[in-house]
Amino acid sequence: MKRLVWDDRALDDLDAIADYISADSARSAVRVVEYIRKAALSLETSPELGLACPEPGLREFILTRYPYILVYEIVADEVHVLAVFHHRQQRR
């Protein structure tokens, strides 16, 4: 089992997602962010779950219930979540 670590940029992404959704519904914002966080926990036990990215060492975990993508890397015994974005957003 690997330990899940959230990069500051990924946490900023979660805040931005919550802010955007809460403009319409605070309840929905909480639900979406909780879903993203809970889905990310599955990477602790299955870190190879995501797809390999074109960038060496990075992987993408595509969420299904809400259309978000987590970009992460596996570093020793940790999974580092580096970014979270909506599937329609441009990659950084």
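The buried face of helix α1 packs against β1 (3-6), α2 (26-45), β4 (68-75) and β5 (78-86). Contact here means heavy atoms within 4.5 Å. Buried denotes under 20% relative accessible area, exposed over 50%, and partly exposed the range in between (1.4 Å probe, protein chains only). The model is predicted: local features need pLDDT of at least 70, side-chain atom pairs count only at pLDDT 80 or more, and totals for chains, interfaces and linings use all residues. Residues are numbered from 1 along each chain as its sequence is written, and side-chain values use heavy atoms, without hydrogens and water.

The buried residues of α1 are Ala10, Asp13, Leu14, Ile17 and Ile21. They lie on the same side of α1, because they cover an arc of only 100 degrees around the axis. The arc is taken from the directions between the helix axis and the C-beta atoms. On the other side of α1, Asp8, Asp12 and Asp19 are exposed. At the N-terminal end, Asp7 caps α1. A side-chain oxygen of Asp7 lies 2.9 Å from the backbone nitrogen of Arg9.

The protein chain holds two helices and five strands. Helices (H or I, at least four residues) and strands (E, at least two) are DSSP runs, numbered from the N terminus. Their order from the N terminus is β-α-α-β-β-β-β. The C-alpha atoms fill a box of roughly 40 × 25 × 25 Å along the principal axes. Of the 92 residues in the protein chain, 43% are buried. Among contacts between residues at least 6 apart in sequence, 45% join residues at least 24 apart.

Conventions
Polar contact = N/O pair within 3.5 Å; in protein donor to acceptor, adjacent residues only side chain to side chain.
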